[in-house]
Structure formats: structure tokens, C-alpha cells
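Welcome! Have a look at the whole chain before reading on.

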Amino acid sequence: MAAPANPAPVTAIQAIRYARHDRNAAENFAAQADDHDLPMPLDYFVWAIHREGHPPVIVDTGFGAAAAAARGREITRPIRKSLRDAGIDRLGVTDVILTHLHYDHAGGLGDFPNARFHVQDAEMAFATSRHVCDAPTRAPFDGEPVAELVRRLYADQVVFHDGDAEFAPGIGLRLVPGHTAGLQAVVCDTARGAVVLASDAAHLYANITRKLPFPIFIDEGEYARAQNRVMELAGGSLDHLIPGHDPLVLACFPTENNIARVDLAPHTPVAEML
């Protein structure tokens, strides 16, 4: 009798929506889109990666009420409640992967007092460098989360990665700069194959399919290469790629209480929804 196949290391991935921003398509593309006057909102997520016998790994920390008020975003469910609704004890989280340090991805470090924070060398170096003296470059960052990460560094709670790395069995980090200097995607080995948490290498599926970048990047050429790479990591399949802000994630994947199981196959192929 043949031995049973080994189970995939990652048993579940939750995409947990916590906020939203109503906007038009024109705000989501660096060049004018044909449908620029039509509504194209953004959703804001944190992600939880589950493995048997381990605490969940959280990807990104979201933002809170102060940032939402300052930037005109709507918090649909605070992060702490979002985590509770997802069955996650934030105090038991030991590792948080920060895909990058923009306000909406690194604004809630204080919600995870017992965690180590994983960040790329290039991201921390950029966010604490002379580059942020330029106001447009600085705009997507908030100073306090970056300062908090420095404080966590001095408390031995920061782990640096220099390029691609194997984070844990079934979880890989892949450097995909362009949107920021040290953006890292997270590749998860699931029962349905590789699932790529692309974060802001692709805000929306449409940024990839239309080949129109989101209008925040530090290097447009690297941004394009990053989008090509996350698609390659996903085996060329939109169904295996999870963008950072697309409401289609909740529309296409099995979802309950605004929490999508993206380790499962979509009930509607993404391409059919575009």
C-alpha cells in the first residue's frame, strides 16, 4: 500500500478585513484607466497563517483609529476584535511578518506585545533614512510605528531578513521591491499548492491584469518586476495570488464574517470577476 501523501505545512490562511476606503478607479492606477470615474474601493487586511502545533503567524498589523481619522479610512472592525473573531489570541502570537512599513501594514505593533517582528533590512534602512525627508515619499509612512519598531529592535523583538528567506516549513519570504525598498511577499505551501500573499506588490488584481501600477512606488521598473515575480510564484494563476487590498478576495474565496479562507480554492475564479 502506498504511503499517504504528506500534508501541507500550512493548514489555513485567513484574510481578515478590518477597514475600507471608498474611492474611484482613478486613484488606483498611475495612468488613467478607462473606468476612472467608476467606484473602486480598497479593503484593508491582516493575514493569519496557521500550521499544526504552532501559534498562528500574523502578516502585517493594520492601523488604528487615529490613522483612520487622519487619512479618511473607515475601520469596519478594530484589529483586536477582528483577531478575536478569527479565533486568534493576539497575546499568544510569537511572530509577525511585516511585508513593509507603510502606515496600513505596520500601524498596530502594540497589539502584539509578545511577538518578534520580521522585516527586510532594506525596508528598515529606507524608513529611517534621508529618503523620508521628501514629503511625498514619507506620506505613506507614519513616524510612530517606525519609531516603535526601533524600540522593539532594542528590546530584541526584531528579526531582519536580507532578501529571500525560508521563514518556517511551508512559509517563505520573497523580496519584491518597487512599491517600497524592502517589500516582502509571503509564499505559503498549502493543500492546493502555493498561495502568495503579495501584499502591495499588487494592491488589486487589476493592477496586474491591466499592467497599470498603483500610484505609490519608489521605483516603477522594480514595481513591474515585482508584479511579474509574484505571478510567477503563484504559478501564473490569479487564484493563487492574494493582493493587498482587493475586495474581490472576499467575493471570490470562501468567506464568513469578512474573513476569507484563501488557502481554499475560490468558489468563483478570480478571472471571471474582473
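How many residues does the largest nonpolar core have, and which have the most contacts inside it? This core has 45 residues, and Leu-101 and Leu-149 have the most contacts inside it. A nonpolar core here is a set of buried Ala, Val, Leu, Ile, Met, Phe, Trp, Tyr and Cys residues joined through side-chain atoms within 4.5 Å. Buried means under 20% relative accessible area, exposed over 50%, and partly exposed in between, with a 1.4 Å probe and protein chains only.

Please keep in mind that this is a predicted model, in which local features need pLDDT of at least 70 and side-chain atom pairs count only at pLDDT 80 or more, while totals for chains, interfaces and linings use all residues. Residues are numbered from 1 along each chain as its sequence is written, and side-chain values use heavy atoms, with hydrogens and water left out.

Helices (H or I, at least four residues) and strands (E, at least two) are DSSP runs, numbered from the N terminus. Leaving aside residues up to four places away in sequence, Leu-149 touches Leu-98, Leu-101, Leu-109, Phe-117, Val-119, Met-124 and Val-158; contact means heavy atoms within 4.5 Å. A second, separate core of 42 residues includes Val-57, Ile-208, Val-230 and Met-231.

**The cysteines**

With a disulfide taken as a pair of cysteine sulfur atoms within 2.5 Å, the count comes to zero. For Cys-188, the nearest cysteine sulfur is that of Cys-252, 19 Å away. Two cysteines can be set side by side:

| Residue | Relative accessible area | State |
|---|---|---|
| Cys-133 | 63% | exposed |
| Cys-188 | 0% | buried |

**Helix α8**

Which residues of α8 are buried? They are Tyr-223, Ala-226, Gln-227, Val-230 and Met-231. These residues lie on the same side of α8 because they cover an arc of only 130° around the axis, judged by the directions from the helix axis to the C-beta atoms. On the other side of α8, Arg-225 and Glu-232 are exposed. The buried residues of α8 pack against β10 (184–190), β11 (193–199), α7 (205–209) and β12 (241–243). Just after α8, Gly-235 takes a positive phi of about 70°.
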